[in-house]
Amino acid sequence: MQIHDTPTLKAEARNLNFFYGEAKALKGINMPIYDKKVTALIGPSGCGKSTYLRSFNRMHDLYPGNRYEGEIRFFPDNTNLLASDVDPIEVRMRIGMVFQKPNPFPKSIYENVAYGLRVRGENNKRVLDDKVEHALKGAAIWDEVKDRLQEMAPNLSGGQQQRLCIARALATDPELLLFDEPTSALDPIATGAIEELVHELKKRVTILIVTHNMQQAARVSDYTAYMYLGELIEFGKTDEIFIKPQDKRTEDYITGRMG
Amino acid sequence: MQNNSLTTEQIRALIAKGKLKDTIFKAMGVFCLALALLVIVLLVADMVIKGSERFTVDFFLNFASRRAAQAGILSAWVGSLLVMLVTAFAAVPIGVAAGVYLEEYAKRNWITEIIEINITNLAAVPSIVYGLLALGIFVYQFGFGQSILSAGLTLALLILPIVIVSTREAIRAIPAMIREGSMAVGATRWQTCRYHIIPYAMPGILTGVIIGLARAIGETAPIITIGALTFIAFLPPVPYTTGADGVTAGLFDWVMSPFTVMPIQIFNWTSRPDPAFEVNAAAAGFVLMAMVLSMNAVAIYLRYKMRKNIKW
């Protein structure tokens with residue numbers, strides 16, 4: 001049973017603690033992230049799932065007073081993403097992110113997707129055209145926007161904006177893609193499109209997704225982690241977590257008795 | 001419960017009482033507003049009526065003169081525009097850079113706190129103090145003399161706090177998620193500023209700059225302090241033209257030229273004993289006011305035009 005299903009590690013949190021000033025928001029998290037799999041983070045509001053997610057691309061470094069302890073090992077090169085001598089910009093170049101609320105730049109659709117490449121010094125029009133098209137196709141939005149690439153991105157619908165943001169993250173070929181409740185601002189149809197996309201994307205990229213929606217976790221993920229009050233309560237294969245959770249707290253949350 | 005509940009009549013009486021105060025306050029407000037507007041309208045009308053006989057092309061094309069009817073504002077309006085040009089070129093880059101630094105780079109600690117308080121204080125320093133400072137530094141220390149350059153730099157100092165504060169406010173209006181979106185793809189702080197923060201803050205910055213310039217163009221005290229002349233019957237040298245003395249002017253020779261500006265010209269005319277000059281002063285006052293108002297109009301237009309394309 002285990003033989004043809006031993007996934008490779010893409011990342012691993014080792015005894016990860018995180019502090020907002022004095023407040024300890026993450027408490028000793030140990031958790032693997034498997035390569036080319038979707039891992040969902042679930043838990044009630046304030047449990048630290050977004051804080052945990054944002055540790056992977058060092059988003060917390062943008063604000064003063066935040067502090068990490070422990071390690072997040074990133075494979076295959078076994079880099080500690082949190083090490084003080086690892087530049088957060090290097091980390092963000094390898095790890096893409098999609099936010100809770102679609103946040104396209106007030107620029108053209110084309111420039112939104114090309115931005116990550118421009119930041120990396122790519123200015124060759126042909127290369128940019130090519131990669132923009134590829135990323136937009138990857139985010140399943142190419143057919144809707146191919147004739148109006150020069151239009152302003154904020155004029156798109158919410159669901160299109162979010163897929164554009166996914167294209168923006170995909171354009172630079174990230175190894176890991178972080179999704180921070182990507183559908184919480186979207187209607188059910190747009191949500192369905194994003195979920196389908198996540199399913200499609202895991203062929204190329206490892207995905208870590210925070211969701212407040214348990215059905216969504218069950219639908220899109222291979223692995224699920226349940227967090228509560230800054231702790232990782234339970235981690236396992238999604239079907240196992242949802243069918244027979246080992247911890248009472250996980251069971252309470254999943255069955256709706258709590259949260 | 002029973003004791004506290006009101007009858008419909010009592011409720012209506014209460015509302016009527018409240019509404020009466022509403023009406024009284026509204027009437028008072030309209031009166032105060034009308035009073036303020038009336039004063040402005042009267043002032044402008046007075047200038048227009050008094051100065052009406054000077055609104056001719058000659059008035060704009062003549063130099064100052066001993067005879068009121070022939071005196072014009074050519075050197076004054078050219079001087080004002082050139083001084084504003086220097087002011088804008090000095091204040092905009094410095095002010096925007098300072099504002100971007102404070103918002104995007106500076107760590108929040110007691111030093112930045114002190115700097116912030118002092119920038120606000122600088123905006124409240126009386127303009128003549130800037131004039132004294134400039135007299136010492138620009139006119140004598142740097143040897144710029146009583147030139148357009150000295151005046152432009154002095155007024156640049158004066159409006160720097162306005163530019164810095166408006167830059168910071170414009171930057172703060174940009175949602176954090178835009179900054180995060182840029183950083184998340186691996187951009188440096190400078191790339192984020194260059195591609196996002198500064199362009200999106202531009203409408204706000206421009207508005208601040210123009211409001212600052214509109215204030216600067218009416219400033220008299222610091223310009224008098226640095227010793228601007230009140231009677232100028234020539235224009236600064238136009239680049240690459242040869243003057244009467246046979247010398248060809250360089251590209252930036254005009255910045256070292258003596259000059260006068262609109263408010264000084266007006267002040268000069270009002271202080272003359274001959275009442276005929278009052279007509280000139282009124283006409284020039286109206287022109288200055290038109291310059292300020294049109295600058296504000298440009299600010300409003302630019303802000304509207306640029307904001308149309310920026311939304312989150």
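The expected span of a helix is 1.5 Å times one less than its number of residues, and helices (H or I, at least four residues) and strands (E, at least two) are DSSP runs, numbered from the N terminus. Keep that in mind for the first stop.

The structure on your screen is a predicted model, in which local features need pLDDT of at least 70, side-chain atom pairs count only at pLDDT 80 or more, and totals for chains, interfaces and linings use all residues. Residues are numbered from 1 along each chain as its sequence is written, while chains are lettered from A and ligands numbered from 1 in the order in which they are written.

**Stop 1: helix α6 of chain A**

Select α6(A), residues 158-170. Its 13 residues reach 18 Å from first C-alpha to last, close to the 18 Å expected. Twelve of the 13 residues of α6(A) are buried (20 or more other C-beta atoms within 10 Å of their own, with C-beta atoms placed from the backbone). Among them are Gly159(A), Arg163(A), Cys165(A) and Leu170(A). Now show what covers these buried residues: β6, α3, α4 (125-138), α5 (142-145), β7 (176-180) and α7 (188-201) of chain A are included.

**Stop 2: all of chain A**

Zoom out to find ten helices and ten strands in chain A. The radius of gyration, taken over C-alpha atoms, is 18 Å for chain A, close to the 18 Å that the globule rule gives for 259 residues, so chain A is as compact as a globular protein of that length; the rule is 2.2 Å times the number of residues to the power 0.38. Along its principal axes, the C-alpha trace of chain A spans about 55 × 40 × 40 Å. Buried residues make up 46% of chain A.

**Stop 3**

Show both chains. Residues are in contact if their C-beta atoms, placed from the backbone, lie within 7 Å. Chain A gives 21 residues to the contact and chain B gives 19. On the chain A side, α2 (88-94), α3 (109-119) and α6 each supply at least two residues.

**Stop 4: helix α7 of chain B**

Select residues 176-184 of chain B, where Arg179(B), Gly181(B), Ser182(B), Met183(B) and Ala184(B) are buried. Which elements do the buried residues of α7(B) pack against? They are α2 and β6 (95-98) of chain A, together with α8 (189-217) of chain B. Just after α7(B), click Gly186(B), which takes a positive phi of about 100°.

Notes. Contact = placed C-beta atoms within 7 Å.
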